Each structure stands twice: as C-alpha cells, then as structure tokens.
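Please walk through the structure shown here, with the cut-offs behind each term spelled out as the terms come up.

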Amino acid sequence: MRVLLIGANGYLGRFVADRLLADPAVQLTALGRGDDSDVRFDLASGSPGALTRFLDAVHPGVVINCAGATRGGARELTRHNTVAVATICEALRRSGCGARLVQLGCAAEYGPSQPGSSTAEDAVPRPGGPYGVSKLAATELVLGAGLDAVVLRVFSPAGPGTPAGSPLGRLAEAMRRAMQAGDGELKLGGLGVQRDFIDVRDVARAVHAASLSAAQGVVNIGAGRAVRLRDAAAVLARVAGYGGALHELDQGGLRQSIGHPRSESDHASPAAYPYPDGCGSWQQADVRTARDRLGWRPRINLEESLADIWMEAACRI
C-alpha cells in the first residue's frame with residue numbers, strides 16, 4: 001500500500017510515520033515543507049495543480065494529512081489549517097489516483113461541552129476560538145469534497161514529544177523547575193480544567209486503522225474519560241518523585257496558568273477567557289464509533305503518558 005504522509009515531522013506526524021514504517025505492507029512517502037521530507041511542498045502556498053501532478057506520478061492509495069498549525073493569528077491558522085486542506089481536496093479531486101484521505105481534525109472543533117457529558121460525532125460544532133474554527137472549516141471541506149475520506153477528531157494528545165506549550169508540557173516544565181530549585185511548593189493555575197487525554201501512540205494506531213478501513217465521515221479519537229488537570233498534576237508529581245505541595249492559583253492568576261502561553265503583557269492585562277483552546281472547562285469523547293468502525297481502542301493509560309513526558313522533562317535538569 002502506497003501512503004503519502006503530509007506533516008511527518010510534526011508532533012502527531014512523527015508517531016504516525018513510525019507506526020506506518022513498522023508495517024511491511026506500507027510504502028511510505030513523506031511530503032512537507034522541511035528539507036528532511038521526501039518531497040518538499042508548501043500546501044499553504046502551492047497550487048492544487050502541482051500537487052495533482054505529483055499524486056498522478058506517485059499514485060498513492062492513501063493520503064494522510066497530519067500537517068497544520070496550532071498557534072498564531074487567525075490569518076496564519078486559516079492558511080495552514082484550511083487553505084492547505086482545500087489544496088489537498090482539490091488535488092485529489094483532479095487526480096486519477098483515487099486515494100483515500102485520512103484527515104486529522106481536533107476536538108477544538110466541538111468547542112465547550114456540558115460538564116459530565118460525552119461528545120459524540122453528531123454534536124453540533126461550536127468552536128470557541130480561531131484554531132477550532134480553522135480546523136472545522138477544513139473538516140467541512142473534506143466532507144464536502146466527494147472523496148473517500150475520514151476525519152479523525154483527536155482530543156488532547158499526550159505522551160512522548162508533548163509540546164512544551166501544551167498544558168501537560170507546561171506542567172512538567174514547572175515541576176522540573178521547582179525540583180531543580182528545591183521549592184517545597186508549586187503554584188499553578190487552571191488546574192480545574194478537565195480534558196480527555198489520549199496517548200499520541202494510540203492516535204498513530206487510530207490513523208493506521210483508519211487508512212485500512214472503509215469508515216467515512218467524522219470519528220472521535222480519545223480515551224473516553226475526562227481527567228481534571230489537578231489530578232494529572234498529582235500523578236505527574238508521584239511519577240517525578242516530587243514531594244512538595246501543589247497549590248492552585250485563583251482566577252486572577254490564570255495568565256500564569258500552565259494552559260496559557262505567557263507574554264510580556266501578562267502582568268498588565270487580564271486573560272480574555274480562561275480556556276485558551278476555546279473548549280471550556282470540560283471535554284470528554286464518546287469513542288464508540290472508533291471502536292465499532294475502526295476496531296480501535298486506546299491502550300496506553302495516562303500514567304504511562306505522563307511518565308514519558310516526565311522522562312523528557314527530567315533530562316533537562
């Protein structure tokens with residue numbers, strides 16, 4: 001099976017590439033903006049016609065898109081998350097390769113959920129920020145293109161390689177600094193947020209399964225269980241051997257929270273909203289569709305994911 005992987009050097013893409021390379025039946029080609037890609041191509045500025053010519057030459061059976069941007073202004077997010085996907089869809093429509101498209105979406109497309117609820121694929125998306133809007137627009141493009149396509153809505157990925165700017169990445173870095181300084185207490189904000197954390201290696205397994213399946217439409221990829229960030233911090237402290245006290249900052253300290261990137265103006269202005277991902281205080285996936293249509297279940301628990309995150313953070317001590 002010839003697979004074209006877009007975004008192989010990103011956080012999710014690296015693990016998807018590893019998973020595909022472990023399958024002897026897969027012939028993998030990586031397309032991206034970096035020099036280490038097999039083929040260099042910028043989806044945000046390249047033409048659909050150029051990509052169509054490449055697809056006709058390589059003739060992949062599956063195209064997997066792991067590329068995109070998670071940070072930046074609305075214009076940048078639109079270019080890399082929406083325009084790029086429009087280019088892929090148009091190129092696939094023009095091409096004679098007939099490839100199946102596996103698009104990585106995001107739970108931010110749903111926006112805030114009712115606490116205690118599980119979000120299924122038929123929920124009405126109400127993204128709470130420009131990132132979620134740009135990813136939802138990409139999903140709509142994929143679903144409306146008339147392709148053999150599936151969109152995997154990934155909830156909160158965790159595990160090795162977790163970006164330092166993510167909530168768990170910032171939590172691990174804050175704990176590392178506290179241990180390095182010998183601080184007996186750690187003050188953090190935003191610990192009341194509850195998210196559905198899914199290990200990045202389980203995400204890669206889901207992508208592999210989706211590439212082999214006939215499933216179409218949207219499929220949620222999550223653990224199916226919301227975890228309070230405060231509880232994740234306690235598990236990380238146990239894994240790290242940190243014996244200090246964890247204290248949660250009040251609402252006024254959210255700009256210094258682990259879920260929000262800091263800037264020079266943090267101390268001068270209040271947060272516009274307490275949930276930078278636009279998902280509110282609660283998100284939990286209903287993952288029955290992934291089980292039924294992909295034959296997929298998560299295998300790696302959060303403690304193992306956190307242990308891997310800590311192992312990388314501890315190397316910086």
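Leaving out residues up to four places away in sequence, Thr29 touches Val3, Leu4, Leu5, Asp38, Val39 and Phe54, where contact means heavy atoms within 4.5 Å. Thr29 is found in strand β2; strands (E, at least two residues) and helices (H or I, at least four) are DSSP runs, numbered from the N terminus. Thr29 is buried, with a relative accessible area of 17%. Buried means under 20% relative accessible area, exposed over 50%, and partly exposed in between, with a 1.4 Å probe and protein chains only.

The model is predicted, so local features need pLDDT of at least 70 and side-chain atom pairs count only at pLDDT 80 or more, while totals for chains, interfaces and linings use all residues. Residues are numbered from 1 along each chain as its sequence is written, and side-chain values use heavy atoms, with hydrogens and water left out.

Next, the sheet. Its 7 strands form an open sheet with parallel pairing, in the order β3-β2-β1-β4-β5-β6-β11. The edge strands, β3 (39-40) and β11 (217-221), each pair on one side only. Two strands pair if DSSP finds at least two bridges between them. Strands of a sheet pair through backbone hydrogen bonds, either parallel or antiparallel.

Strand β4 has β1 as one partner: the two run parallel and are joined by 4 bridges. Ile6 stands opposite Asn65 in β4. Another 4 bridges join β4 to β5, again in parallel, and the bridge partner of Val62 in β5 is Arg100. Where do the side chains of β4 point? Val62 and Ile64 point one way, Val63 and Asn65 the other way, and all are buried. In a regular strand the side chains alternate between the two faces of the sheet.

His59 has a positive phi of about 55 degrees although it is not a glycine. With a relative accessible area of 41%, His59 is partly exposed.

β5 and β6 pair in the parallel sense over 6 bridges, and Cys106 stands opposite Val154 in β6. Helix α4 packs on the sheet and touches β5, β6 and β11, its direction making about 160 degrees with that of β5. Helix α1 lies across β1 (2-6), β2 (27-32), β4 (62-65) and β5, running at about 165 degrees to β1. For these angles, axes are lines fitted to C-alpha atoms, for helices over the stretch in contact, and the angles run from 0 to 180 degrees between N-to-C directions.

The aromatic rings come next. A pair of aromatic rings is described by the distance of the centres and the angle of the planes. Rings of Phe, Tyr and Trp (its six-membered ring) pair if their centres lie within 6.5 Å; planes under 30 degrees apart count as stacked, over 60 as edge-to-face and the rest as tilted. By this rule the count comes to 2 aromatic pairs. Tyr11 and Phe15 are edge-to-face, because their ring centres are 6.5 Å apart and their planes stand at 90 degrees. Both residues lie in helix α1 (residues 11-21), 4 residues apart, about one turn of the helix. Tyr11 is buried at 16% relative accessible area, and Phe15 counts as buried at 17%.

The pair formed by Tyr110 and Phe155 is tilted, with 6.1 Å centre to centre and 35 degrees between the planes. Tyr110 lies in the loop between β5 (100-106) and α4 (130-143) and Phe155 in the loop between β6 (149-154) and β7 (156-158), so the pair ties together parts that are 45 residues apart in sequence. Tyr110 is buried, with a relative accessible area of 3%, and Phe155 is buried with 4%. Arg153 lies over the face of Tyr110, at 4.6 Å from the ring centre; a charge sits over a ring if NZ of Lys or CZ of Arg is within 6 Å of the ring centre and within 35 degrees of the ring normal.

How many disulfides does a search of the whole structure find? The search finds 0, a disulfide being a pair of cysteine sulfur atoms within 2.5 Å. For Cys89, the nearest cysteine sulfur is that of Cys97, 12 Å away, and Cys89 counts as buried at 5% relative accessibility. The sulfur of Cys279 is 6.6 Å from the closest cysteine sulfur, in Cys106, which is too far for a bond. Cys279 is buried, with a relative accessible area of 3%.
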